[in-house]
Each structure stands twice: as C-alpha cells, then as structure tokens.
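Trainee: I would like to go through the labels used for this structure and the cut-offs behind them. Can we take them one at a time?

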Amino acid sequence: MAADSPAHLETMKAYAAQMMKAVPWANELGLEVTTVERGCVIGKLPYSEHLVGDPITGIVHGGVVTSLLDNLCGTAVVAALTEFKSTATLDLRIDYMRPAEKGRAIIGEAECYHTTRTVAFVRAWAYHESKDRVIATAAGAFALNDPSDWTRPRSGKGEGDAAR
C-alpha cells in the first residue's frame, strides 16, 4: 500500500485513534487526534481541572504539555512509515514559551520530517489558535522497532533476555 494512498491514510487515522485509547496516560489526559496526514498529526487536549499544575492560576501542568507532544510525535512517526513499526522516544527536547491559558484546549501538531532504518526525527508545537503564538515546541528522535524482533529467539543469557 503506497504511503500517500487514501487506504494508507485511513489505516493511519484508525491506528492513531486506537493508539490514544490504548495508551492509558493519553486516554486519561483526554488526548484526541483530529487530523492525520503522511508524517503529520494534529491533536487536541481539552482543558480539564485534573490537568492543572497550579491551582491558584489554573494553568495546565507542563508535564501534560510534554505528554501531548510526545504522544503526537510518536503517532506522526507511524504516519510517516509505509509499514508498521512501533516507536519509542529516544530523545525529546521541550522548549516552553508561555503557559497554556486556563480553560482553553491545547492544540498539538507533530511532523516527522526524516526517517532512517532505525530512527525517526520529529518536531512539534503546542498552541491555542495558531503556531504564531506557541505554548511549547519540541524536537525529538524516536526508535523504530520491528514487531517481528519481539518474537525472535535470542541467543545467550544476557541481561535483556529476561525482558523479551
């Protein structure tokens, strides 16, 4: 299936929606994927009192913004691939520009701009209405893992053998 075909994009949209429901923390946050295109994902995080980091101001906790961007980045990586591979965050740098405003949903956008055989590179933004006034930006690298590796027998008795 071609990566830009309508069937591939529909598969990626379905996967993105499933992923947000299957990842307990994303589900708890209420993260909703609204748009999936090849290598690009947009999502929305509705404001909720249980996400507040400062009860006096009602500002959303910075870790929530990080979680939003991390989940969208991983989903953007999958949307960039032509065959399914699982992802794991290797590195994620977040630059906070301003607090998310009380009572307002946060929009997140992530773009996978380059992939190698084993690593994908992403950038992302969190904002209210426009990327012209961002809440935070992110840049990261994600490991690409072939699911068939999970079932391959391993030789030796190394430390990692018990975990597989």
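Trainee: Why is threonine 137 called buried?

Mentor: Buried means under 20% relative accessible area, exposed means over 50%, and partly exposed is in between (1.4 Å probe, protein chains only). Threonine 137 has 18% relative accessibility, so it counts as buried. This is a predicted model, in which local features need pLDDT of at least 70 and side-chain atom pairs count only at pLDDT 80 or more, while totals for chains, interfaces and linings use all residues. Residues are numbered from 1 along each chain as its sequence is written, and side-chain values use heavy atoms, with hydrogens and water left out.

Trainee: Where does threonine 137 lie, and what is it in contact with?

Mentor: Threonine 137 lies in strand β8, residues 134-145. Helices (H or I, at least four residues) and strands (E, at least two) are DSSP runs, numbered from the N terminus. Contact means heavy atoms within 4.5 Å. Leaving aside neighbours within four places in sequence, the contacts of threonine 137 include Arg93, Asp95 and Trp125.

Trainee: What makes aspartate 95 and arginine 93 a salt bridge?

Mentor: The term requires a side-chain nitrogen of Lys or Arg within 4 Å of a carboxyl oxygen of Asp or Glu. For aspartate 95 and arginine 93 the N to O distance is 2.7 Å, so the pair meets the definition. By this rule the count comes to five salt bridges.

Trainee: Are these two residues buried or exposed?

Mentor: Aspartate 95 has a relative accessible area of 26%, so it is partly exposed. Arginine 93, at 52% relative accessibility, counts as exposed.

Trainee: Which residue forms a salt bridge with glutamate 109?

Mentor: Lysine 131 does, with the closest N and O atoms 3.4 Å apart. The pair links distant parts of the chain, since glutamate 109 is in strand β6 and lysine 131 is in the loop between β7 and β8, 22 residues apart.

Trainee: Why does glutamate 109 count as buried?

Mentor: Because its relative accessibility is 14%. Lysine 131 has a relative accessible area of 35% and is therefore partly exposed.

Trainee: How do you know that α3 is mostly covered?

Mentor: Of the 19 residues of α3, 15 are buried.

Trainee: What span is expected for α3?

Mentor: The expected span of a helix is 1.5 Å times one less than its number of residues. For α3, with 19 residues, 27 Å is expected, and the helix reaches 27 Å from its first C-alpha to its last.
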